[in-house]
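Work through the exercises below with the structure open beside you. Try each task before you read its solution.

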Amino acid sequence: MLLQGAAGLAATGGLAGIVDLARTAGTSRANTTGQLRVGYLPITDAAPLLIAHNTGMFDGNPVSPAQPVMFRSWSSLAEAFMSRHVDVVHLLMPMAVQLRYSLGGAARVLGWNHTNGSALTVAPDVTELGQLAGRQVAIPFWWSIHNIVLQKLLRASGLRPVVRTLPSRSEGTVGLVVMSPSDMLPALANGAIGGYTVADPFNAAAEIKGVGRIHRFLGDVWRDHACCALLVHEDVIDRNPAGVQRLTDAVTSAQLRIDADRKRAAEMLKAGRYLPQPLPAITKALTYRADRYPVRHHAWQPQRIGYQPFPFPSFTQALVEAMHETEVDGDRRFLSRLDPAAVHADLVDDRFVRQSLTAGDGPAAFGLPANLTRTEEVDPT
């Protein structure tokens with residue numbers, strides 16, 4: 001029997017410490033308006049949804065014109081989505097797999113919100129990964145691309161990630177701990193953790209404040225990986241496919257608008273009070289210069305958060321395969337029921353994003369191949 005609700009979320013791992021929705025969402029209540037409400041975390045991954053709202057792209061759309069609801073952690077956002085307090089979210093792609101196949105949530109991925117946009121940030125005294133042995137590193141959620149890529153990096157450096165075990169320098173182990181993104185920077189500053197891996201602008205903010213430095217962009221490990229995807233409930237698609245198409249069109253248009261003027265997008269995210277971080281951190285996160293970082297794969301442009309909507313099937317398959325290899329604090333049994341090659345067709349409904357691309361200037365507008373296929377490139381060395 002599939003677990004449901006808050007108890008199910010906590011029991012399946014990675015959602016410990018669920019934040020009370022009334023406190024997290026302020027005055028938010030269950031949706032009775034018939035309009036779809038947007039929920040998000042204050043990270044640059046959410047920018048397409050936020051810019052679409054800011055510029056009125058949701059006008060004439062089933063999406064509510066009300067200010068999107070900001071959440072502090074992935075656990076609170078997921079619970080709000082599952083309980084229908086919000087209806088449209090950007091959610092960690094591995095977390096979407098967990099919601100559908102472990103919790104029985106009828107969630108569907110419409111497309112990608114972005115690619116790249118995350119990094120491993122370490123304390124100033126850490127100059128190589130080996131120095132993380134015996135220390136703790138924070139991740140935003142167990143089922144996250146951050147945890148998956150971090151573990152690939154650690155193992156490639158001869159380190160072993162451990163959960164619920166004190167890390168040992170002599171044994172070359174690194175302790176993993178889930179932490180809300182907003183708590184990571186102060187934890188790094190006070191020495192509670194040796195590093196964290198998370199979406200921006202929290203990495204940029206650590207550098208600006210001088211409490212940490214970016215050791216490696218995650219896009220330099222997994223080329224153009226999807227961190228967050230655009231999710232709605234399956235019954236929303238069934239009831240109003242035309243409205244879902246307008247939603248997807250709006251997000252796709254917003255992605256192009258961001259890419260056309262990233263500095264202006266940063267200003268809009270700050271002026272609209274969508275992101276609480278200082279403008280310099282938001283701007284830096286959208287405009288990183290590769291020549292200021294030790295980038296291994298320059299052709300991948302790993303420092304650059306990409307805003308493109310198409311969800312490649314090859315990524316979904318490789319992601320599920322990687323989830324099998326990833327240590328988490330929680331129930332992993334649902335993975336044994338999954339065929340990695342079959343998950344994409346069941347989890348992702350790409351009809352709408354394909355139509356959005358066709359109605360626009362095609363895949364080329366986003367630098368995508370015309371046949372919308374690719375081969376995954378992963379290099380954790």
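Buried means under 20% relative accessible area, exposed means over 50%, and partly exposed lies in between. By this rule, both Trp 222 and Phe 315 are buried. Keep in mind that this is a predicted model.

**Exercise 1. A strand and its partner**

Task: Find out how many residues of strand β4 (residues 107-112) are buried, and which strand β4 is joined to.

Solution. 
- Step 1: Check the accessibility of β4. Six of its six residues are buried, so the strand is largely enclosed by the rest of the structure.
- Step 2: Look for the partner. Strand β11 (residues 228-233) is joined to β4 by five bridges.
- Step 3: Compare directions. β4 and β11 run antiparallel.
- Step 4: Pick out one position. Ala 229 in β11 stands opposite Trp 112.

**Exercise 2. Aromatic pairs**

Task: Classify the ring pair of Phe 217 and Tyr 293, then that of Trp 222 and Phe 315.

Solution. 
- Step 1: Recall the rule. Rings pair if their centres lie within 6.5 Å; planes under 30 degrees apart count as stacked, over 60 as edge-to-face and the rest as tilted. The count comes to eight aromatic pairs.
- Step 2: Take Phe 217 and Tyr 293. Their ring centres are 5.1 Å apart and their planes stand at 75°, so this pair is edge-to-face.
- Step 3: Phe 217 is in strand β10 (residues 213-217), while Tyr 293 is in the loop between α12 (279-286) and α13 (313-324). They are 76 residues apart, and the pair links distant parts of the chain. Phe 217 and Tyr 293 are both buried.
- Step 4: Take Trp 222 and Phe 315. The centres are 5.1 Å apart, but the planes are at 55°, so this pair is tilted.
- Step 5: Trp 222 sits in the loop between β10 and β11, and Phe 315 in helix α13, 93 residues apart.
- Step 6: Widen the view. Trp 222 and Phe 315 belong to one aromatic cluster with Trp 112, Phe 310 and Phe 312.

**Exercise 3. Nonpolar cores**

Task: Which residues touch the most other members of the largest nonpolar core?

Solution. 
- Step 1: Start with the size. The largest nonpolar core has 98 residues.
- Step 2: Trp 74, Met 93, Tyr 196 and Leu 231 touch the most others.
- Step 3: Look beyond this core. A second, separate core has 34 residues, including Leu 49, Ala 52, Leu 110 and Ile 282.

**Exercise 4. Salt bridges**

Task: Describe the salt bridges of Arg 135, Arg 239 and Asp 331, and say how accessible the partners are.

Solution. 
- Step 1: Begin with the total. The structure holds 20 salt bridges.
- Step 2: Take Arg 135. Its partner is Asp 125, with the closest N and O atoms 3.0 Å apart. Both residues lie in the loop between β5 (118-122) and β6 (136-139), so the bridge ties together parts ten residues apart in sequence. Arg 135 is partly exposed at 25%, and so is Asp 125 at 48%.
- Step 3: Take Arg 239. It meets Asp 235 at 3.6 Å, N to O. Arg 239 is exposed at 58%, whereas Asp 235 is partly exposed at 31%.
- Step 4: Take Asp 331. Its closest approach to Arg 333 is 2.6 Å between N and O atoms. Asp 331 is buried at 18%, but Arg 333 is exposed at 62%.
- Step 5: Finish with a network. Salt bridges link Arg 100, Arg 108, Glu 234 and Asp 346.

Technical notes. Residues numbered from 1 in each chain as written. Predicted model: local features only at pLDDT ≥ 70, side-chain atom pairs only at ≥ 80, totals over all residues. Heavy atoms only, no water. Buried < 20%, exposed > 50% of the residue type's maximum accessible area, 1.4 Å probe, protein only. Helix = DSSP H or I, 4+ residues; strand = E, 2+ residues; numbered from the N terminus. Pairing = 2+ DSSP bridges. Phe/Tyr/Trp six-rings, centres within 6.5 Å; stacked < 30°, edge-to-face > 60°. Core = buried A, V, L, I, M, F, W, Y, C linked by side-chain atoms within 4.5 Å. Salt bridge = Lys/Arg side-chain N within 4 Å of Asp/Glu carboxyl O.
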